[in-house]
Amino acid sequence: MMDKLTVANFKSMIDQALADIKARADEFSALDAVCGDGDHGTAIVEALTAIQGSASQGTEFKTMLMDMAMTSMSKSCGSTSTLIGSFFMGMSMSVAGEELDSEQVKAMFKSGLEGVQKNTKAMPGDKTMMDTLVPAVEAFEKDTTDIKELFDAAAEAAAKGAESTIEMKAGFGRARNLGERSIGSADPGATSWACMFNAFASTLN
Ligand SMILES: [Mg+2]
């Protein structure tokens, strides 16, 4: 039973996310090459490297999350770093302090999603990272005070969400022009965000 998430826990989760994302960067770029410019692996490693560097200096949730967001958004101007930056910025809006209980963790992810929604109009079903993020955040509504159980549920929902994009036709952005050709491979952003949620959960296990 884990009833508190500390800043130290969160930093470990970000370290693990960067390690796992780096290990699969070529796979994310290959998925992006199907319908896009093939740079998603590079872009997400760049964003998370900036985020991890900033998180490692953190001592308190609100400031740490805001610094992570600002670093990601200023280091690079692509949509990957903007969206992930807006996620952590949204998270910083609802929390403060050195440790969070399960209700605060739930609120943090809900406001993270709201932050992303300010920066993209993509909806679930459009074959984007929202197909992972929306179900992952919904999973945090689970009726439990065990934080580990919440992250496990989110990771499972994220993996299912990413997998669901394989059969989808792109409905958003440049990939939309490719229509039927986008069917048959997973969305790169949906896949990398699922990798991140999996890293979060695995850190706590
Ligand atoms: Mg790209």
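Trainee: At what angle do helix H4 and helix H5 pack, and how far apart are their axes?

Mentor: Happy to! A word on the basis: this is a predicted model, where local features need pLDDT of at least 70, side-chain atom pairs count only at pLDDT 80 or more, and totals for chains, interfaces and linings use all residues. Residues are numbered from 1 along each chain as its sequence is written.

H4 (residues 61-75) and H5 (residues 79-93) pack at about 165°, with axes 8 Å apart. That makes H4 roughly antiparallel to H5 (the term covers angles over 145 degrees). Helices here are DSSP runs of H or I, at least four residues, numbered from the N terminus. Axes are lines fitted to C-alpha atoms over the stretch in contact, and angles run from 0 to 180 degrees between N-to-C directions.

On the H4 side, the residues meeting H5 include Leu65, Met68 and Ala69; contact puts C-beta atoms, placed from the backbone, within 7 Å. The residues of this contact divide into nine nonpolar, six polar and two charged (Ala, Val, Leu, Ile, Met, Phe, Trp, Tyr, Cys and Pro count as nonpolar, Asp, Glu, Lys and Arg as charged, the others, Gly among them, as polar).

H5 also meets helix H3 (residues 40-55): their axes come within 9 Å and cross at roughly 35°. Among the H3 residues in this contact are Ala47 and Ile51, while H5 brings Thr80, Ser81, Ile84 and Phe88.

Not counting residues up to four places away in sequence, Phe88 touches Ile51, Leu65, Met68, Ala69 and Gly112.

Terms used. Helices (H or I, at least four residues) and strands (E, at least two) are DSSP runs, numbered from the N terminus. Angles under 35 degrees count as roughly parallel, over 145 as roughly antiparallel, 65 to 115 as roughly perpendicular and the rest as oblique. Two residues are in contact if their C-beta atoms, placed from the backbone, lie within 7 Å.
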